Amino acid sequence: MAALCLFAEAGLDVQLLEVGLGGRLDAVNIVDPDVALVTTIALDHVDWLGNTVEAIGREKAGIFRQSVPAVIGDAAAPASLRQVAERIGAKVYQLEHDFAYRKQGETWEWQGGERAYRDLPAPAFKGEQQYRNAAAVLMAVSALQEQLPVDDAAIRAGLRQASLLGRFQLVAGKPRVLLDVGHNPQAVGTLIDYLRDYFPAATIHAVFAMMRDKDIATVVQMMRERVARWYLAPLDNPRAAEPALIESHFRQLDMANVDSGFADFSAAFQAARAAAGPDELVLVFGSFFLVSEYLAKFS
């Protein structure tokens, strides 16, 4: 409520609000949007939202409104998402159903209804998923063109210049440090693609923590072939998984290349940095809270 009051007093042209936990029951959902966008659905916050993508899709669909554009940025989204949107009478636009993109060498194009964009620059964020995200954003922008006109030059500048602290954020040094807030299997899959493209042979020391309600075992399994050594960082957060809990997943996967018992994040990070050679990589990933610790103490 305080944030919304500040936004109103500032007389903003646009308020871009993230619905943080699901959709239907999140506090941000008190706002009736001019357009609602869901990128993808993954198993996340399962204690609150359900343990299937169909159940989570129904919760996410709670942000849709009658007669309001509902953009779905996933061609393979759970059926429940579109079903709820259509049942309440939202104007549904789904990737590969109502709009689409196609890569063409160094550029790409987008088509949605009668509107098209050609020779677009690659998204600033890396990974194939970012083309799908950018395509969904273009659909949202197009749906609002009468209320909020955005010209081609602004769209191209936005694609080139978009940035986000903590997402594939590379910090120069010896060793280099890579920060990534990915905290579920889907986001970590994108991280793996990024590492394959930009650090294909790097030895990686990972400073790692996750929240208790995340799919820790799957994330560790996905990253086990890329990480040479893991350093489990304790976080002062009631939602955080204790290092002992995370370590139990390593034991179940028969993985012994892990260090724990650190007093705090700083100790875990300093151990990883000391162990890494000058041409190796320290990867800090698994949680927004973890990356925030680095940015607060080492940036």
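Which handedness does the β-α-β unit made by S10, H9 and S11 have? The legends below take up this question and the surroundings of these elements in a predicted model.

**View A. The β-α-β unit of S10, H9 and S11.** This unit is right-handed. Strand S11 covers residues 258-259 and pairs with S10 in the parallel sense, over two bridges. Within this pairing, tryptophan 230 stands opposite valine 258 of S11.

**View B. The β-α-β unit of S9, H8 and S10.** Here too the unit is right-handed. S9 and S10 run parallel and are joined by five bridges. Histidine 205 has arginine 229 of S10 as its opposite residue.

**View C. The largest nonpolar core.** The core has 27 residues, and the members touching the most others are Leu195, Phe208, Met223, Trp230 and Phe285. Two or more residues each come from helices H7 (185-198), H8 (216-223) and H9 (243-252). Strands S9 (204-208), S10 (227-232) and S12 (281-285) likewise give two or more residues each.

**View D. Surroundings of methionine 223.** Leaving aside residues up to four places away in sequence, methionine 223 touches Val188, Leu191, Ile192 and Leu195, along with Trp230, Leu283 and Phe285. Among these partners, Leu195, Trp230 and Phe285 are listed with Met223 itself as the core members that touch the most others.

Notes: Residues are numbered from 1 along each chain as its sequence is written. This is a predicted model: local features need pLDDT of at least 70, side-chain atom pairs count only at pLDDT 80 or more; totals for chains, interfaces and linings use all residues. Side-chain values use heavy atoms; hydrogens and water are left out. A nonpolar core is a set of buried Ala, Val, Leu, Ile, Met, Phe, Trp, Tyr and Cys residues joined through side-chain atoms within 4.5 Å. Buried means under 20% relative accessible area, exposed over 50%, partly exposed in between (1.4 Å probe, protein chains only). Helices (H or I, at least four residues) and strands (E, at least two) are DSSP runs, numbered from the N terminus. Contact means heavy atoms within 4.5 Å. Two strands pair if DSSP finds at least two bridges between them. A crossover is right-handed if, with the strands pointing away from the viewer, the path from the first strand over the helix to the second runs clockwise.
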